[in-house]
Amino acid sequence: MMIIKTLFFGITKDLIGASELKIDVAENSSVKDFETILKNEFSTLENLNSYAIAVNEAYANDDLILKTGDVVAIIPPVSGG
């Protein structure tokens, strides 16, 4: 197992009730695996149509493998004009 520091922004912070959490994941977990863990642990995230996931300040694909020390950010859709 490894601990991933997770940052929540905007509405995701409100849905989770925290701006930062440490989440345990299995070694060699992908971003997609991480997203499944989040949705299982925090069902309120299912209320969002979509959100982006960034790893170490770069948007991440679902197949990116997480490593110890990575920082994951959950970024809600941005609206504006």
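Q: Which residues does Leu-66 touch, not counting residues up to four places away in sequence?

A: A contact is a matter of distance between heavy atoms, with a limit of 4.5 Å. In this predicted model, Leu-66 touches Met-2, Ile-4, Ser-29, Ser-30, Val-31, Phe-34, Val-55 and Val-72, with residues up to four places away in sequence left aside.

Q: Which residues touch the most other members of the largest nonpolar core?

A: A nonpolar core is read as a set of buried residues joined through side-chain atoms. The largest one here has 20 residues, and Leu-66 is one of those that touch the most other members, together with Ile-4, Phe-34, Leu-38, Leu-45, Val-72 and Ile-74. Two or more residues of this core come from each of the elements E1, E2, H2, E3 and E5.

Q: How many helices and strands are there in the protein, and what pattern do they follow along the sequence?

A: The elements are read in order along the chain. There are two helices and five strands, and the pattern is β-α-β-α-β-β-β. The radius of gyration is 12 Å, close to the 12 Å that the globule rule gives for 81 residues, so the protein is as compact as a globular protein of that length. Along the principal axes, the C-alpha trace spans about 40 × 25 × 20 Å.

Q: In which sense does E1 pair with E2, and how does E1 run relative to E5?

A: Direction is read separately for each pair of strands. E1 and E2 are antiparallel, over six bridges, whereas E1 (residues 2–8) and E5 (residues 71–75) run parallel and are joined by four bridges.

Q: Is Phe-42 buried or exposed, and what does Phe-42 touch?

A: Burial is judged by relative accessible area, with buried meaning under 20%. Phe-42 has 16% relative accessibility and therefore counts as buried, although Phe-42 lies in the loop between H2 and E3. With residues up to four places away in sequence not counted, Phe-42 touches Ile-16, Leu-21 and Ile-23. Ile-16 is 26 residues from Phe-42 along the chain, and their C-alpha atoms are separated by 6.7 Å.

Q: What share of the residues in the protein is buried, and what share of the accessible surface belongs to carbon and sulfur atoms?

A: Such totals describe the chain as a whole. Buried residues are 36% of the 81. The accessible surface comes to about 5000 Å², and 49% of this area belongs to carbon and sulfur atoms. Among contacts with a separation of 6 or more, 52% are between residues 24 or more positions apart.

Terms used. Residues numbered from 1 in each chain as written. Predicted model: local features only at pLDDT ≥ 70, side-chain atom pairs only at ≥ 80, totals over all residues. Heavy atoms only, no water. Pairing = 2+ DSSP bridges. Core = buried A, V, L, I, M, F, W, Y, C linked by side-chain atoms within 4.5 Å. Buried < 20%, exposed > 50% of the residue type's maximum accessible area, 1.4 Å probe, protein only. Rg over C-alpha atoms; globule rule 2.2 N^0.38 Å. Areas by Shrake-Rupley, 256 points an atom, 1.4 Å probe, with all protein chains shown as cover.
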